[in-house]
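Colleague: I would like to learn how to read a structure like this one. Could we go through it together?

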Amino acid sequence: MRNVRMYLAIACAVALACAFALSKAEAAPAYVGSAQCKVCHNKKEEGEQYNKWKAEKHSKAFETLKSPESVKIGQDKGLAKPPHEAPECLKCHTTAFDAAANKVPDKIKVEDGVSCEQCHGPGSDHIAAGKKVMFQKDTTIDMAATQPKIEAAMCTKCHNEESPTWKADRYTKEDGTKVGFDFELAKKKIDHSNPKKATQ
């Protein structure tokens, strides 16, 4: 009887350990904040992605909500709060804004505007994989698989006619057609690719 209890206890412990491991493995990736991205993605020889992002408009998206122009737009639209506090604006001017909770994830800073993880997805899995590549020299890891593929639908959630600053003729396509948004032209505008990868 004693042996049966011992085997049951061991079986329960193993089952609990497996369940815990599975729950950890299946947990959704978490947001880590753009400062974490800077650690690996700001080397000059690899394209200085962080610096390029800081220099362009996405990083200043939250700050623009405090401008006189934005305040006037907010008043004209009858917003209940100033633009830099209004969910209607924050959903596109910050990263991962949760309308139900009326906030961004804990590790995200609203003042960072539209940062890395808005387009590249929550970074925890990417960082964990990167550490395995760097410290454990694991060459089996596909770093690209730790992030979603960037597609036009990600951009058009915000770059659309609902935006009060939408301009239907913002982009000129090769054939001369004017459009409000063009995914390929927009990607070129904010290109921050790694030149090392382009030559591999």
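**Reading the loops and the surface**

Modeller: Start with A96, which sits in the loop between α6 (87–93) and α7 (116–120). Helices (H or I, at least four residues) and strands (E, at least two) are DSSP runs, numbered from the N terminus. This is a predicted model: local features need pLDDT of at least 70, side-chain atom pairs count only at pLDDT 80 or more, and totals for chains, interfaces and linings use all residues. Residues are numbered from 1 along each chain as its sequence is written, and side-chain values use heavy atoms, with hydrogens and water left out.

Colleague: What is the phi of A96 near?

Modeller: Most residues other than glycine have a negative phi. Phi of A96 is near 60 degrees, a positive value. N102, in the loop between α6 and α7, also has a positive phi, near 55 degrees.

Colleague: Is A96 buried or exposed?

Modeller: Buried means under 20% relative accessible area, exposed over 50%, and partly exposed in between (1.4 Å probe, protein chains only). A96 has 16% relative accessibility, so A96 counts as buried. N102 is at 35% and therefore counts as partly exposed. Over the chain, buried residues make up 24% of the 200 residues.

Colleague: Which helix holds A61, and which residues is A61 in contact with, leaving aside neighbours within four places in sequence?

Modeller: A61 is in helix α4. Contact means heavy atoms within 4.5 Å. With those neighbours set aside, A61 is in contact with H93, G113 and V114. A61 and G113 are 52 residues apart in sequence, yet 4.7 Å apart in space, C-alpha to C-alpha. A61 counts as buried because its relative accessibility is 8%.

Colleague: Which residues form the positive surface patch?

Modeller: Patches are made of residues with over 30% relative accessible area and no salt bridge, and like charges are joined within 9 Å. A salt bridge is a side-chain nitrogen of Lys or Arg within 4 Å of a carboxyl oxygen of Asp or Glu. Lys and Arg count as positive, and the place of a Lys charge is taken as NZ. Here the patch is formed by K38, K54, K60 and K109. K60 lies in the loop between α3 (49–55) and α4 (61–64), and is partly exposed, with a relative accessible area of 37%.

Colleague: How many helices and strands does the chain have?

Modeller: The chain has 11 helices and two strands. Along the sequence the pattern is α-α-α-α-α-α-α-α-α-β-β-α-α.

Methods. Patch = residues over 30% accessible without salt bridge, like charges linked within 9 Å, V, L, I, M, F, W, Y side chains within 5 Å. Areas by Shrake-Rupley, 256 points an atom, 1.4 Å probe, with all protein chains shown as cover.
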